[in-house]
Amino acid sequence: MTHLLINYYEAASVILFGIGFMNLLLQNNLIKKFIGLNIMDTAVYLFLAAQGYITNRVAPILTHGIVDADYYINPVPAGLVLTGIVVSVSVTAFSLALVQRLYKHYGTLNMDEIMRLSREREGE
Amino acid sequence: MEHINWIHNIPFFSIFLAMFCGIITPLLKKGSIARMVHTGMLCVVFCMSVLLLLNVYQNGESFTFMMGHFPAPWGNELRAGPLEALMAVTFSAVMLLTTVGGASFIAHDVVPEKQNFYYIMLNALFGAMLALTYTNDIFTAYVFIEILTIASCALIMAKGTAQSMVGTTHYLVISLLGSGMILFGVSILYSITGQLLFPQMKEAIIQLVASGQYTFPLLVVTGFVFIGLAIKSALFPFHSMLPGAYQAAVPTSSGVLSGLVLKSYILLGIKLIYSVFSVDVMLQLKIIDILFVFGLAGMVMGSVYAMRETRMKRMLAYSSVAQIGYIYMGIGMASRIGMVAACFHILAHAVTKSMLFLCCGQMVEDSGGKEQIYYLRGAGFRNPLAGIGFTVGALSMVGVPLFVGFISKLYFATASVYAPGKMAAVLIVLGISMVLNALYFLPSVIAIWTPVKKENETQTRISVSPAFGVCIVAFVFLNIMLGIYYRPFIRIIEMGIILLQ
């Protein structure tokens, strides 16, 4: 329990990851499904950012002329988060474009409904 | 400058070339030029990979290539050895044959003004597969996994029909669940080891295990990463995305996706087992046993689903599920020979399944677009070449001697002897699965060679495009050649796996 309280950022990010994951898996509405994807990815970025931060240190930008590494936080997770954001933006863009086309074709965002209509049209 | 072997630049240059062709393709107006650029790129990469393979095999070495000459803990690295080089050769050869042989499907099914976009995706897909093969950095692997996901979804969607959109959505959602799990696993792994490069990570993990720290996070990480990879490579309980997607896609896409894309995730998994988690840790954490059980279940269930299927492309998709099960079973045996068998099966399945999808697509097209096996009766006479290709592929998948599928099954059976406690399970399931394979492949082979009596329309022999013919002949040749002359490949794989450890 104390571990959870000390690492509350990580705990929160794991809970958010779970929410996003289940949303992406179980949500019927396609838009909400991909919102779930974004929650899931953002949770991971929160986790990474929390890992990179070290209390009482500053971002690694040389302003006071200090080159000692002990003065700065770990910059690598920030780089990973940036890369991850780029990836998640492109995946989201692709999925939303797909949802748009599905909506134009079927007139609904409900995944079950779309599967039913698709099976009917296929003539099973 | 004098000690640098220029061959060592090949991994980076192949990835770069594939990605670069992807970037310049939108500037080309016509699909045919895009196709030529893609084919040329594949030929160049193929030749370079063969050169690399010969070089590393002769020297018996593996090497790491520093990107931008930053030393180990900071820079990004590529790593190549005999296993990676052999896989790059396989990927480029099969991709070349599939896209050249399936060019008529692309021309036929994809809207003309969007054909160059299709080739962009093929280039990106190929670059990402090569990157997954060569990378030595776990976050780079994640990024290329996502690129591969988007590219494969775009390939499924290329046909533009409603059915393909539904298939893509399904594929996309399941894939994203997998990559989300991988990303989270990688993040936790970074936070407990503090490294991103494979060798440094391995050292850190061995230290963690020895000191008993972070045992539970390590278990969670391994679970997340490997279940994520299993979802992406459609291991049995996570296979639901395959049939819909492969049925709706252009046959060329199905061939590439089933033959190669699924395999590149598995190859990454094998690299992770050896160069990050190490087999001992995997055995200690029991994750490898879970993969083994899922693999066994997949071998049987994939075949059972395939037997119930009346449509040929869906049947082939379920057969892929069964074959992926074989590969995971080989990995799950956790012995070197099991891994060799798994790697050889990657090769075998790549050269067989791509050919099966191409032939199936051709026969469906010749039979008026109907894909039920009932309507495909006599398809072998309408297009003998596709029929022969399909027959060879089916026999190879069933495991008839002389064809490549037999060799991998032989090695799986041999490997089981060296896997204590798993031998009975492997042999029994292998036997059941081979019988089931025969039960669904042979009826379809018989169906396509059954002459149809009442043919109202005149028997017009459908003209086969020469590219398709050449590629099918090459595929058949590869199947038989690998089935007879397999020892060098086994040796290369074995050397690669020893060097990976």
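Residues are numbered from 1 along each chain as its sequence is written, while chains are lettered from A and ligands numbered from 1 in the order in which they are written. Because the model is predicted, local features need pLDDT of at least 70 and side-chain atom pairs count only at pLDDT 80 or more, whereas totals for chains, interfaces and linings use all residues.

**Exercise 1. Describe the fold and the extent of chain A.**

Step 1. Chain A contains five helices and zero strands, where helices (H or I, at least four residues) and strands (E, at least two) are DSSP runs numbered from the N terminus; along the sequence the pattern reads α-α-α-α-α.

Step 2. The radius of gyration, taken over C-alpha atoms, is compared with a globule rule of 2.2 Å times the number of residues to the power 0.38; a compact globule of 124 residues would come near 14 Å, but chain A has 21 Å.

Step 3. Taken along the principal axes, the C-alpha atoms of chain A fill a box of roughly 70 × 35 × 15 Å.

**Exercise 2. Characterise the side of chain B that touches chain A.**

Step 1. With two residues in contact if their C-beta atoms, placed from the backbone, lie within 7 Å, the contact takes 20 residues from chain B and 29 residues from chain A.

Step 2. On the chain B side, the elements that give two or more residues are helix 6 (138-157) and helix 7 (162-193), and helix 7 gives the most, with 15 residues.

Step 3. The residues on this side of chain B divide into 13 nonpolar, six polar and one charged, counting Ala, Val, Leu, Ile, Met, Phe, Trp, Tyr, Cys and Pro as nonpolar, Asp, Glu, Lys and Arg as charged, and the others, Gly among them, as polar.

**Exercise 3. Determine which residues of helix 21 of chain B are buried, and what they pack against.**

Step 1. A residue is buried if 20 or more other C-beta atoms lie within 10 Å of its own, exposed if 12 or fewer, and partly exposed in between, with C-beta atoms placed from the backbone; in helix 21 of chain B, the buried residues are B:Ile492, B:Ile493, B:Gly496 and B:Ile497.

Step 2. These residues cover an arc (of the directions from the helix axis to the C-beta atoms) of only 130° around the axis, which puts them on the same side of helix 21 of chain B. On the other side, B:Arg487 and B:Pro488 are exposed.

Step 3. The buried residues of helix 21 pack against helix 2 (31-59), helix 3 (82-101), helix 11 (251-277) and helix 15 (336-366) of chain B.
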